[in-house]
Amino acid sequence: MKTIRLILSAAILWGFSVSCDNVVEMFPDNAPDTLYVIGCLDGYGGMQQVKVRKLIHGHGEGALLINDPEYYLPDSSTRVYLQDPAGILTTMNPVVYPRQTGGLVVQDSNVIWQLDNYPLIPGQKYTLKIDNPAMGQVVTSTITTLPTAAFTYPVPASVIHSKFKFTDPVKPFHIIFTPASAAIWSISLKYLDFMTNGDTLFRKATFSGQPNYGGNSGREFDLPYLFMIFNRLIQDDPKVDFRMFYRFDFLVWNSSSSAKINGGMGVFYAVHHAVLKNVCPMESFNSALADSIDTKHLKFSRIPYNGPYTDPDSTVLNPFFSILR
Amino acid sequence: MKKAIFIAGIFLMLTSTLVFTQTGSVKGFVYDATSGQPLALAFVAITGFKTKVVTDADGFFMILKVPAGDHLIRVSYIGFEDFAEIVTIENQLMEQIVAHLKPQVVTLQTATVNAERCRMEHLNPVSAHHITQESLKSIPGLTGQSDLAEYLQVIPGIIFTGDRGGQFYVRGGAPVQNQVKLDGMTVVNPFHSIGFASVFDTEIIGSVDVYTAGFGAKYGGRTSSVIDVKTRIGNRREFKAKASGTTFGYGLTVEGPLKKMTEKDPSSISVMLSNKGSYIQKSAGLFYPYLDSAGIPFNYNDLFGKVSFVGRKGDQLDLIGMHFTDVADYTGLIRSTWENNGGGFRFLVSPSNSRLLFEQTLFYSDYSGKFLEASKRPRSTRYNSLEGMFKVFFNGPLFSFVWGTEMNVNHTKHNFASDANLLQDIDYYSTELITFLDSRIEIARLLIEPGFRLHYYADNAYVAAEPRLKVRFKINDLLNINFATGLYSQNLVSTTSPEDVISLFQGYYIGPGFVQDTYRDKYIDDKISLAWHAVCGLSYYGPKNLKLSVEGYVKDYYRMINSNRYKKYDLILTANNHYPDYLIMPFIIEKGWAYGIDFLADWNTESWNLYAAYSLGYVTRQDEFMDYVPHFDRRHNMNFVAGYKLGHKKGWELKARWNLGSGFPFTQSYGMYENLVNNYGQFSLDLTTSGEIGILYGPINGGRLPWYHRLDISLQKAWIFRKGHSLEVTASIMNLYNRLNVFYVDRITMKRINQLPILPTLGLSWRI
């Protein structure tokens, strides 16, 4: 009798353990195959690029799925067109780039549809058209290109040989740029860390903000504001023996505009930006940085660094990517 | 002669009338004679009179309008011998007695059950759950020790979201909407990262009152529920200690008199110290090598101390201190730490000849937490408050009230990295001024408890006027119909994302800033969360200790402030860009409804303890754009608890708990893609580079996880030795049939992590 009870109890427990469906349905049942498009119109240069992929919703490990060639449309049927304001349709060329590096999405089949020498007319409408007969989908999107972005102060040509005063409390250093609609500026601090183990590291940290000066098209950088930026971007590190400041980079990023992809998913966007590299402060700034009660703990030297500098972010232009460093 | 008799008669009538109009009163405190603990709900009566009152939670009673003369006062309490004392009542005076009741030979179970019957007689049980130390111990102790966090999970209407980092949701209210008090002090985060441990040591708990909705005016500042924990006072007669060790952790409680209470001198000074903690992070490798590589990376340590001064006439001063810490350490991924320190005093006095009892409390508490995630800047939070309260109690037979006034100064500081990885501080002080009146009127079969609370929030310059009402109608001696309603407000906001089903980081914020200004095009001036509750139910307390109840409830959270899931732009970077509030502000305004029906059945005998609770609940939210269900909207939740005492002298106890819950909502992935756009909507210039894997989400909480179920059992044996020493051995198995309940699924790798698997534990405790 005891054995029967034991068997019965074990059976009930087993029943409990396997009862109820225990599968987590990560994707809705009705998710259809969908084109995923990233289109970039860059007013800064003449190269326009479009990436066409397929939205992934298979079951399995995502990192493997996303590298499945099926999601990169290996068939050659996809056609991508860009239509200019005059209505002229230009076929974009599929270019196979080398295997991607960095990020998580690293695949062998790196096809980008692009136009190499295709300058844009600011403030005009361009339409993207994609035809994928294999999936039976046609995707369209229209966007207005952005006005040109540029620095009007300091004048880029003057930066190379000038030193700027950053310590004047009455007239702080400032930047002015066009157009007024430019939404974002960034300031990059370029400096060197001299480590206690003898290593020297080139550093670049970037802070971004919005215009608030000179009719909404500029920004001033008084010393307290600059020191706040230093403190936000640079953390105390006991492994650092001392630091030397090199230069500032400024970048103004015109408000990106983006458009919805009709008939698929993704984004079609226009960008424009301007760069002011290696703005050199006068030595009084280095002294203030080294001696101020607000920044003393960061261990900056009073002497600026004037040697060769390897920009760790030289290939990254978007301030919002560099700020994460 | 006739004339003389007539005059004498008139004189006697007049004198007798004079005698009978001469009245006085009697009041006092009732204690357990062995430990000196106050006895709540003891009956106090005067022989020859109908008037009968019961003691309150502090053992206090008062009988008014007692005719002058000698009277026999009788105090009775189930499980104790009756106490009787002749008291001389003098005209216009208040007599004061202190009654020490000696325990009777009666089983604890019977005593508990009868105390529960007494509660049902005198209180409105609507949405109220009174938990004693004995009821806490009726649940299988998963850590080898019973814990409030485990008991709360079986209360109907309470939803618990998981074994690891799970949180309590009470009838549609989020954790931040639950008020937790420890002897009157607010404990802002009372639960440890491991889901079945609270900061409260069961050994120190006197009682816990849980109100899942419709609570009275003496509670406020939260819009969903109340957990009011009251600790015992240390033993006033002799030193006692309990030491325990389990595969999870340890516990030590020491208590005793610094000045002993005696028959002649009932005044005392007693102390109680408690320390409990876990070493499971280290012991898991030894006892549970089959766990995943993360193991059980939770550690906590809770210290509590209380010194109680009790005067000859029952006046009482308690000094309280606490230090709670918690660490969850998923090495290399997440490290969450918090600590909560606090202390203060509670003073209880009923001056001679006064008909009132006065209570004064003053507490300071300081909660701070840090959260580190790989590749992100650390987040930190702090909530500290100074709470002062003054209460006046009047406890008559048919009418009683408590009036109170309160001042709280709260400070929150939240430090976190914004989307652009910039550090942001949100630092705010606020003062709250409160006055309330809770009253109780008995008219025949009707018990009416009207209340009113005025709560002034200085940060918003907002006065919340909150009427409250509870009504109980006794249909017959066994069956009551109960009702409660009220308005509620709060200014405390959780910085935890509503998307986080499991959140190890509990951050807090007060203040009107950083909150969306408009809700669906309507300007919201006062950034205060507001709610309305209504509950109606039937309760039955029948023969053979069968207790049944059914309650329907609705909570209208008609203004809520929550963490903002739509936040897209950094507040610092976009201050002048005129984006809509819901794209910038860290907090958003929402509305919500919670409604459902709860069933409870409880049956106790000397050998058996059977308990079943079922909840059917619906929770909805409406934000700026859509209606959705929050992640804790569990439709069905069932708990079955059974206890059986067996063996010689019932020395063995077998306990089991089975929980069955329908799946929680979660947001499915609609698809994955290569993401070249950052959180700001800023775009990459070079499409040839590799992006990150982006997730395109389906409708929010549109999917449902599988059902959750789990069976826990424990077997306990106690050996009692001479001089009251005892040894208790508890063997428990959590998740007996090893149900693989889902914890989370990594959307990228699709790797599924489950809740805790089968976990056997062994515990020993030694009591002297």
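Helices (H or I, at least four residues) and strands (E, at least two) are DSSP runs, numbered from the N terminus. By that rule, Val254(B) sits in strand β16 of chain B. The model is predicted: local features need pLDDT of at least 70, side-chain atom pairs count only at pLDDT 80 or more, and totals for chains, interfaces and linings use all residues. Residues are numbered from 1 along each chain as its sequence is written, chains are lettered from A and ligands numbered from 1 in the order in which they are written, and side-chain values use heavy atoms, with hydrogens and water left out.

Start with chain B as a whole. It has six helices and 47 strands. Of its 768 residues, 59% count as buried. Buried means under 20% relative accessible area, exposed means over 50%, and partly exposed is in between (1.4 Å probe, protein chains only). Contact means heavy atoms within 4.5 Å. Take the contacts in chain B between residues at least 6 apart in sequence: 64% of these join residues at least 24 apart.

Now the surface of chain B. Accessible areas come from the Shrake-Rupley method with a 1.4 Å probe; for residues, only the protein chains shown count as cover. A nonpolar surface patch is formed by Phe239(B), Leu252(B), Val254(B), Leu258(B) and Leu273(B), with about 480 Å² of accessible area together. Patches are made of residues with over 30% relative accessible area and no salt bridge; like charges are joined within 9 Å, nonpolar side chains (Val, Leu, Ile, Met, Phe, Trp, Tyr) within 5 Å. Strand β16 (residues 249-259) of chain B gives the most to this patch, with three residues. Val254(B) has a relative accessible area of 34%, so it is partly exposed.

Which residues does Thr88(B) contact, leaving aside neighbours within four places in sequence? They are Gly69(B), Asp70(B) and Glu95(B). With Asp70(B), the side chain of Thr88(B) makes a polar contact of 2.7 Å. A polar contact is a pair of N or O atoms within 3.5 Å; within protein, one must be able to donate a hydrogen and the other to accept it, and residues adjacent in sequence count only if both atoms are side-chain atoms. Ala68(B) is 20 residues from Thr88(B) along the chain, and their C-alpha atoms are separated by 7.4 Å.

Salt bridges come next. The structure holds 39 of them over all chains. A salt bridge is a side-chain nitrogen of Lys or Arg within 4 Å of a carboxyl oxygen of Asp or Glu. In chain A, Asp249(A) and Lys190(A) form one, at 3.1 Å from N to O. Asp249(A) lies in strand β15 (residues 240-253) of chain A and Lys190(A) in strand β12 (residues 184-195) of chain A, so the pair ties together parts that are 59 residues apart in sequence. Asp249(A) is buried, at 5% relative accessibility. Lys190(A) is buried too, at 2%.

In chain B, Asp598(B) pairs with Arg171(B) in a salt bridge, the closest N and O atoms being 2.7 Å apart. Asp598(B) belongs to strand β34 (residues 587-604) of chain B, while Arg171(B) is in the loop between β10 (168-170) and β11 (178-182) of chain B, so the pair ties together parts that are 427 residues apart in sequence. Asp598(B) is buried, with a relative accessible area of 2%. Arg171(B) is buried, with a relative accessible area of 2%. Elsewhere, salt bridges that share partners join Asp58(B), Asp318(B), Arg346(B), Glu359(B) and Lys391(B) into one network.

Return to chain A for a helix. In α4 (residues 223-233) of chain A, the buried residues include Leu223(A), Leu226(A), Phe230(A) and Leu233(A). An α-helix has 3.6 residues a turn, so residues three or four places apart point the same way. Asp222(A) caps the N-terminal end of α4(A), with a side-chain oxygen 3.0 Å from the backbone nitrogen of Tyr225(A).

Finish with confidence in chain A. pLDDT is the predictor's confidence in each residue, from 0 to 100. Chain A averages 80, and 81% of the residues score at least 70. Among its elements, helix α5 (residues 283-291) has the highest mean pLDDT (94) and helix α6 (residues 319-322) the lowest (31). Over residues 313-325 of chain A, pLDDT stays under 50. Where pLDDT is low, the predicted coordinates should not be read in detail.
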